[in-house]
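This report walks a new reader through selected features of one structure. Please keep the sequence and the 3D view at hand while reading.

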2 protein chains.
Amino acid sequence: MSDNKIPASVGNKENILIIGAGLCGSLLALRLGQRGYQVKLVEKRPDLRKVAQDAGRSINLAFSDRGMKAMRMVGLQKEVKKLCLPMLGRMIHDTKGNKFMSLYSGREDKYINSISRPGLNMILLDAAEELPNVTMFFNQSCQSVDLENTTAIFKDYNTKKEITHSAAIIFGTDGAGSVMRNNMFINKSLRLSFSIDWLSHSYKELTIPATENGEFKTDNNALHIWPRGENMLIALPNIDGSFTVTLFLAHETGADNFENLNTPKKVSEYFEREFPDAVALMPNLTEEFFENPTGHLGTVKCYPWNAYGNTLIMGDAAHAIVPFYGQGMIASFEDVVVLDKYIEKHEGDLQNEQTSWKTIFSEYQKERKKDTDAIADLAIDNFYEMKEHTANPIFQEKRKLEIAFEDNFPEKYNSKYSLVTFNADIPYSEAMKKGRAQDKAILNLLDYGKLTEAMSLEEKLTLVLKETKEILHDDDVAKNL
Amino acid sequence: MSDNKIPASVGNKENILIIGAGLCGSLLALRLGQRGYQVKLVEKRPDLRKVAQDAGRSINLAFSDRGMKAMRMVGLQKEVKKLCLPMLGRMIHDTKGNKFMSLYSGREDKYINSISRPGLNMILLDAAEELPNVTMFFNQSCQSVDLENTTAIFKDYNTKKEITHSAAIIFGTDGAGSVMRNNMFINKSLRLSFSIDWLSHSYKELTIPATENGEFKTDNNALHIWPRGENMLIALPNIDGSFTVTLFLAHETGADNFENLNTPKKVSEYFEREFPDAVALMPNLTEEFFENPTGHLGTVKCYPWNAYGNTLIMGDAAHAIVPFYGQGMIASFEDVVVLDKYIEKHEGDLQNEQTSWKTIFSEYQKERKKDTDAIADLAIDNFYEMKEHTANPIFQEKRKLEIAFEDNFPEKYNSKYSLVTFNADIPYSEAMKKGRAQDKAILNLLDYGKLTEAMSLEEKLTLVLKETKEILHDDDVAKNL
């Protein structure tokens, strides 16, 4: 049954349907709206500007250069900047409560930010809503998508009725559990390659509240980490003076895990033993632990992202990643930046509708897939780096050297972290390739004792760059046989 | 609705249900039967010993050392040997019809075989059926498995009725499209990581028939390859004098693909241009091309393989791979060999049923997962090696060197191919790691011009082994940070 059938073409530019008004879908609606398309944005949840929600979901996120590049594209950099809380480095806490700062970069102007997820989403929705050619529908949950005929059926939570939206082009920005992606998967003729990899660890969100005066209880200019090898606790500041704390805990392996930390007493003892300085700041620890949901962490990859030349999945629907590089939301924003580049390139030809969108989508996914694969893998690498390596002397020696390189030779050296985080024009895949080769070079040189105290910093850098170049060359020879 | 409910425990040893009587399930039933378990083996297809089938599926397969090791475990090595047609190397055909042999090893006793798939399956079914404690059911298609309660519902193709089989332990050997694996996947509390990767190429089976006297029309002691960079044709001999020919052709990319080779004329022209010497041997080429189904090629990985300590998926159900290393069936056989090792280790404790099977399954999957991942990746590597590299001068130089090493220093050198194919006691993961490092070492040494004509073969080997060791060491340092 369908009512509210909306015609496929309105005005000069195509009618576009976007399924999902999260961060990616809102930005996409705004950008396509700015380009003059007739955009319908449909979201299954209530309008978050009117109804508080997001219980148990991350209320803050890391935000950095690639994200800001996307905001500049739509002219929102100033508004978004106001929501940002700078974090200059990792504040590492040991089990005795000692802490030290590990900077993200040797350059002062290079830092990341903590940002409110709903706050950012609201800015995007507000800006999109101001455009006369963007229409929004909330409380409409997508049930299925007819990819070939570009119509989608939704269920309205309020009226309980089914609604069919149709359009010339449909974008699926409906998140990691994407209905649109599932419609691609079950259509065997599309041969959608697909993977979901569950992480060994799940997470629980907790809180360090603000003081009575609304002030931060601990340093607010850092991302706090309590690395414990197997598990870890982190905390990011919020604009109201609180911190959102996240425990990443093994699901069932190791000595401490979600299966055996099953009483307030056990949870309390575990935190007192492992994170005593954090416990002191968390008055509602055990209540929150048992009241808040346990979140699972998975990596979703798939390909191809477009079907029939007129539908495309983007953001988490196409590539959901674990949160450890602080790039999940940003990668989704970058999707829109890359897509926009190809729309710009081909827009002149859009008279011949189908062909041109197919071209745009094909070029987009061809460029983009390797980069979202790279950030997915880097995010998993960073999980191990954060929970284990940050507390490891060799890693600390490597980081110290890299910070010195970046501080003294800013034009000559960028660490893997910097390449990913502070170099918005370097694709993730290149950042990964070069960054991994540098890491391998430094670790091998340290292992062979080739970086001696007698050497100057510049000599060390020269040796690291030479070794990196050789590693990259050797890998290329083997690959390009 | 259920009838024919069979009690969960019969006799001293557990009642075991095996879903799927293909190569893996038949071997598993035989081995568990030999160990004295009460085994029910249920297959959805008719008994292949009574009803000819397998239309469009590979009727021959490569068979080598790891497979024979599994046959020795169950005492069937002599029967299976009779089905084997030795293939000593790759017979490479160029577009002019010239050919040359590239040996699989520098050692005379190291070769692979072509074997009849249904013939091998029949031997296993016959041997299992001889055991009084193994019962077989055909034409019963598994509909769903209750993993926690170890019961499974089947539909009988003849009676159209539902049948429930229950057992203490259930094994799913129901192939790449496993119903049992899907029951694990949809149970979200099991957090089954899963991936399916479709290859860019699909395949079509064709035939070189025997001569009127039942003789081979071309060399029968080789695996024939017509490598054409993008696509390739291969042929394996059958015991009746024919060859099964397989075209691996891009699905939609490149100049020639399944989408555009859509008329007998186009197919004919393509074959005449690319494979003229093969065309001369294939009188029914275009008829077969359009009558036989197009097969898709995918890699399936998942984990964990056991649920609730009493169910386990094995063979293609747990890890389906592409056929290019000739190890798909063999990896499934090896699953049974590895599982048998852990049953042997823990069988004394099987009084305490549940605990022990859980231990067996946990240890089995922990050892086995990395090896089936490795052979999956190696099989994809070999696709590129076969279709592109076998015709590449640098690759041929590498192979020539490796054959010389193996011929002259059999104790000191095994190529990657030999490690995988002729060293049944080296796990796939180790074969991959060492084999890839060797390949990289030789290619880099060739690239840097370090293997000079002035050097003796032994000096070259020493240099290759040294370079390999360094590559392995450097990789380990980077990984073990």
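The sections below take up salt bridges, a sheet, a surface patch and a loop residue in turn.

## Basis of the model

The structure is a predicted model, and side-chain atom pairs are counted only at pLDDT 80 or more.

Over all chains, the count comes to 66 salt bridges. One of them joins D340(A) to R31(A), with the closest N and O atoms 3.0 Å apart. Because D340(A) belongs to helix α9 (residues 328–346) of chain A and R31(A) to helix α1 (residues 23–34) of chain A, the pair ties together parts that are 309 residues apart in sequence.

Are the two partners buried or exposed? D340(A) is buried, since its relative accessible area is 9%, and R31(A) likewise counts as buried, at 16% relative accessibility. Both residues also take part in a network of salt bridges, in which R31(A), R35(A), D340(A), E344(A) and E347(A) are linked.

## Two further salt bridges in chain A

D377(A) forms a salt bridge with K301(A), and here the closest N and O atoms are 2.9 Å apart. D377(A) sits in helix α10 (residues 353–387) of chain A, while K301(A) sits in strand β17 (residues 294–303) of chain A, so this pair ties together a helix and a strand at positions 76 residues apart in sequence. D377(A) is partly exposed, with a relative accessible area of 27%, and K301(A) also counts as partly exposed, at 22% relative accessibility.

K412(A) and E458(A) form another salt bridge, for which the closest N and O atoms are 3.8 Å apart. This pair links distant parts of the chain, 46 residues apart, with K412(A) in the loop between α11 (393–408) and α12 of chain A and E458(A) in helix α14 (residues 457–480) of chain A. K412(A) counts as partly exposed at 49% relative accessibility, and E458(A), with a relative accessible area of 42%, is partly exposed as well.

## A three-stranded sheet in chain B

In chain B, three strands form an open sheet in the order β9-β10-β11, and their pairing is antiparallel. Which strands stand at the edges of this sheet? They are β9 (140–146) and β11 (162–166) of chain B, each of which has a single partner strand, so one side of each is left without a neighbour in the sheet. Direction ignored, neighbouring strands of this sheet are turned by 30° against each other on average.

In general, the strands of a sheet pair through backbone hydrogen bonds, and the pairing may be parallel or antiparallel. Strand β10 (residues 151–156) of chain B runs antiparallel to β11(B) and is joined to it by five bridges. Within this pairing, F154(B) has I163(B) in β11(B) as its bridge partner.

L88(A), M101(A) and L103(A) make a nonpolar surface patch of about 210 Å². Of these residues, M101(A) has its place in strand β6 (residues 99–103) of chain A, and M101(A) is partly exposed, with a relative accessible area of 31%.

## A buried residue in a loop

N423(A) is found in the loop between α12 (416–421) and α13 (428–447) of chain A. When residues up to four places away in sequence are not counted, N423(A) touches R66(A), N414(A) and S418(A).

Methods:
Residues are numbered from 1 along each chain as its sequence is written. Chains are lettered from A and ligands numbered from 1 in the order in which they are written. This is a predicted model: local features need pLDDT of at least 70, side-chain atom pairs count only at pLDDT 80 or more; totals for chains, interfaces and linings use all residues. Side-chain values use heavy atoms; hydrogens and water are left out. Patches are made of residues with over 30% relative accessible area and no salt bridge: like charges are joined within 9 Å, nonpolar side chains (Val, Leu, Ile, Met, Phe, Trp, Tyr) within 5 Å. Accessible areas come from the Shrake-Rupley method with a 1.4 Å probe; for residues, only the protein chains shown count as cover. A salt bridge is a side-chain nitrogen of Lys or Arg within 4 Å of a carboxyl oxygen of Asp or Glu. Helices (H or I, at least four residues) and strands (E, at least two) are DSSP runs, numbered from the N terminus. Buried means under 20% relative accessible area, exposed over 50%, partly exposed in between (1.4 Å probe, protein chains only). Contact means heavy atoms within 4.5 Å. Two strands pair if DSSP finds at least two bridges between them. Axes are lines fitted to C-alpha atoms, for helices over the stretch in contact, and angles run from 0 to 180 degrees between N-to-C directions.
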